[in-house]
Amino acid sequence: MDKIEDIMIKYPDKLPLHISIKYTNNNSTPTKKFLVPKNLIIRELIFIMKQKMHLHHTQSIYFAHKDKLLNNDNLIIDVYERYNENKVLYLTVELEKFFG
């Protein structure tokens, strides 16, 4: 078995995510790996990421998969089942200025 399968067996109620963060003002795209509950809603993931990234209140984030924005009301399990690659869901965080 590979490492991803081991993780999924150890944590059957979680899904592996690989999140790239796109900054509009430079070319760097740092990535983070997460295990998230299967019943997590995208808007809850946005809230968690905003806290972890210490964003200014004028900044907003959106999740995308291969440049397709995700609906904030989707469950992460539904997105995972549709878009996972090699048992990992690859997402991009898009940062935008909001209110100014």
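Thr31 counts as partly exposed, at 41% relative accessibility; the classes are buried (under 20% relative accessible area), exposed (over 50%) and partly exposed (in between), computed with a 1.4 Å probe on protein chains only. The residue belongs to strand 2, where helices (H or I, at least four residues) and strands (E, at least two) are DSSP runs numbered from the N terminus. Leaving aside neighbours within four places in sequence, Thr31 is in contact (heavy atoms within 4.5 Å) with His18, Ile19 and Ser20. Between Thr31 and Leu91, which lie 60 residues apart in sequence, the C-alpha to C-alpha separation is 9.6 Å.

The model is predicted, so that local features need pLDDT of at least 70 and side-chain atom pairs count only at pLDDT 80 or more, whereas totals for chains, interfaces and linings use all residues. Residues are numbered from 1 along each chain as its sequence is written, and side-chain values use heavy atoms, with hydrogens and water left out.

The protein chain contains three helices and five strands, and from the N terminus on its elements run α-β-β-α-β-β-α-β. Of the 100 residues in the chain, 35% are buried. Among contacts between residues at least 6 apart in sequence, 61% join residues at least 24 apart.

Strand 1 and strand 2 pair in the antiparallel sense over seven bridges, pairing being assigned if DSSP finds at least two bridges between two strands. Lys14 has Pro37, in strand 2, as its bridge partner. Strand 1 is mostly covered, with seven of its nine residues buried. Leu35 is also found in strand 2 and is partly exposed, with a relative accessible area of 36%. Two bridges join strand 3 to strand 4 (residues 68-69), and the two run antiparallel. His65 is paired in these bridges with Lys68 of strand 4. The two strands form a hairpin with two residues between them, and Lys66 in the turn has a positive phi of about 50°.

The largest nonpolar core comprises 25 residues, and those with the most contacts inside it are Leu45, Met49, Phe63, Ile76 and Val93. Two or more residues of this core come from each of strand 1 (14-22), strand 2 (31-37), helix 2 (42-53), strand 3 (59-65), helix 3 (76-83) and strand 5 (89-97). Such a core is a set of buried Ala, Val, Leu, Ile, Met, Phe, Trp, Tyr and Cys residues joined through side-chain atoms within 4.5 Å. In soluble globular proteins, nonpolar side chains tend to be buried together. Met49 touches Ile19, Ile21, Phe34, Ile61, Phe63 and Val93, residues up to four places away in sequence not being counted.

Glu94 is located in strand 5 and is buried, with a relative accessible area of 18%. Apart from residues up to four places away in sequence, Glu94 touches Lys22, Ser60, Ile61, Tyr62, Ala64 and Asp67. With Tyr62, Glu94 shows a C-alpha to C-alpha distance of 5.1 Å at a sequence separation of 32 residues.

The largest pocket has a volume of about 180 Å³. Its lining consists of Lys3, Ile4, Ile7, Pro16, Leu17, His18, Lys33, Phe34, Leu35, Val88 and Tyr90. Helix 1 (3-10), strand 1 and strand 2 are the elements that give two or more residues to this lining. By class, the lining residues divide into eight nonpolar, one polar and two charged, where Ala, Val, Leu, Ile, Met, Phe, Trp, Tyr, Cys and Pro count as nonpolar, Asp, Glu, Lys and Arg as charged, and the others, Gly among them, as polar. A pocket is an open set of points on a 1 Å grid over the protein atoms alone, where a 1.4 Å probe fits, with protein on both sides within 12 Å along at least five of seven lines; lining residues have an atom within 4 Å of a point. Grid points are joined across faces, edges and corners, and the volume is the space filled by probe spheres set on the points.

The loop between helix 3 and strand 5 holds Asn86, whose phi is near 55°, a positive value in a residue other than glycine. Asn86 counts as exposed, at 68% relative accessibility. Lys87 is found in the loop between helix 3 and strand 5 and has a positive phi of about 70° although it is not a glycine. At 34% relative accessibility, Lys87 counts as partly exposed.
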